[in-house]
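Q: Could you walk me through this one slowly, please? I'd like to know what I'm looking at before we get into details.

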Amino acid sequence: MTTARRKGIDRLRREARYRDKLAQLQEEPVATTSGRADDRLELIFACCHPALPRESQIALTLRSVVGLTTAEIARAFVTPEATIAQRLVRAKRKIADAGIPLRVPEGGELPDRLGEILAVLYLMFNEGYVASASAERRDLAEDARWLAGLVAELMPDEPEALGLLALMTLQLARAETRFSAEGRLVLLADQDRSRWDRRAIADGIALIERAGRMRRSGPYQIQAAIAACHAEAGSWAQTDWTQIFMLYEGLARMTGSSVVRLNRAIALSHVAGPERALAELEGMTGELDRYHLFHSTRAALLRDLGRAEEARTADQRALALTGNPAERALLIDRIGA
C-alpha cells in the first residue's frame, strides 16, 4: 500500500508538471534552459549522433537509454530481430573504433538531431501505448509524452515537436477506455466516449493549431490531425472517414511507409467499401507479412466480404505474430467465432 501510494503521488506530481508545461506550450515561446531537461532526454540527444546511420541511432537509443529489448525494437521497426541485433553491434563497434563522443550536443546542433529524437520518442510511446494493459508499459507511454513536452519546450519553433506532443496527448486522452476491467482490448468503435479526457483532447487540438500556424507541415502533425478527427467524432458512426482518408493519403505521399498505406486502406474501406480496401492490401503482402496488424486487418475485410474461412486463416497468422496478451485474446475470440 505504501509503494502504491508513493507511485500514485509521483504520477500526480508528474501530471501536474506536464499540465504546467503544456499550458506554456500553448502560449508564445518562452526562454528555456537545458538544465531543466530530464536526464534521459540528454542521453537520447547524445546517443543520436549524426556519425551513425539513422536507423542505428534510433535502435541504439531505444536499447541503451529507453531500455526496450531487441525483440521490442524489431517489432517497432517491423524488421527481423537478427537485423536489429546486427545494427546494435555495428553501432557500438563504430562508437568504440571511431571514438565517437556521446555527449549532449550544443544548442546549435539540436535541430540536426531533432528527427531522430522525435522518432525515438514516437517508438517509445507506441511500445508503451500498445502494451498499456500493463501498468509498467503505460508508464512508458506517459514518460514518452513527458519527454516530448520537454523537447517541444526546448525547441518551441519546431512544429513537428508540437505535432508529436499533440499526437501523444490525443492518444492518451482515451487510454482509460482502451482496455476492460479484465484487461481485454476494447476497439475504438466500442469505446465509451463519455469517459474520454475532453480536457486533454482540447489541449491536443490547441497544440495542432499552434503547430499549424508555423506553416511547416510534417508527418507527426498529420498523424495528430487524424487522431483529432477520431477524438472529435461524437460516435463511431459520425467519424469523418473521408477527411481521415485524405490525411492518410497525404501522409503516405510524405513518408512512403507501408504501415501508413495499411492505415489508408482501412480508411478507404469506410469510404469505398471492403473490396476496394482488400485490393490495396493484396499488394502489400511482401512488405508486411511479418506485421500482425496487416493480417488482422485483412481478416476483418475478408469477414466483411463473407469469406469466413480465409478470414480465420489470416487471424491465425496474426495470432502467430503477436505476443501482446490483449491482442492475442481478441484474435483467439475471433478465430473461435
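Q: What share of the contacts with a separation of 6 or more comes from residues 24 or more positions apart?

A: Residues 24 or more positions apart account for 64% of those contacts in the chain, where contact means heavy atoms within 4.5 Å. Please keep in mind that this is a predicted model, in which local features need pLDDT of at least 70 and side-chain atom pairs count only at pLDDT 80 or more, while totals for chains, interfaces and linings use all residues. Residues are numbered from 1 along each chain as its sequence is written, and side-chain values use heavy atoms, with hydrogens and water left out.

Q: How many helices and strands are there?

A: The chain has 17 helices and 0 strands; both are DSSP runs numbered from the N terminus, with helices being H or I of at least four residues and strands E of at least two.

Q: And how much of the chain is buried?

A: Of its 337 residues, 48% count as buried, which is to say under 20% relative accessible area, whereas exposed is over 50% and partly exposed is in between (1.4 Å probe, protein chains only).

Q: OK, helices now. How do H12 and H15 cross?

A: The axes of H12 (residues 258-272) and H15 (residues 292-304) come within 11 Å and cross at roughly 15°, the axes being lines fitted to C-alpha atoms over the stretch in contact, with angles from 0 to 180 degrees between N-to-C directions. The two helices are therefore roughly parallel to each other, since angles under 35 degrees count as roughly parallel, over 145 as roughly antiparallel, 65 to 115 as roughly perpendicular and the rest as oblique.

Q: Which residues make that contact?

A: Leu262, Ile266 and Ser269 of H12 make it with Leu293, Phe294, Thr297 and Leu301 of H15.

Q: What about H15 and H17?

A: The axes of H15 and H17 (residues 325-336) come within 12 Å and cross at roughly 30°, and H15 and H17 are therefore roughly parallel to each other too. On the H15 side, His292, Leu293, Ser296 and Arg303 meet Glu327, Leu331 and Arg334 in H17.
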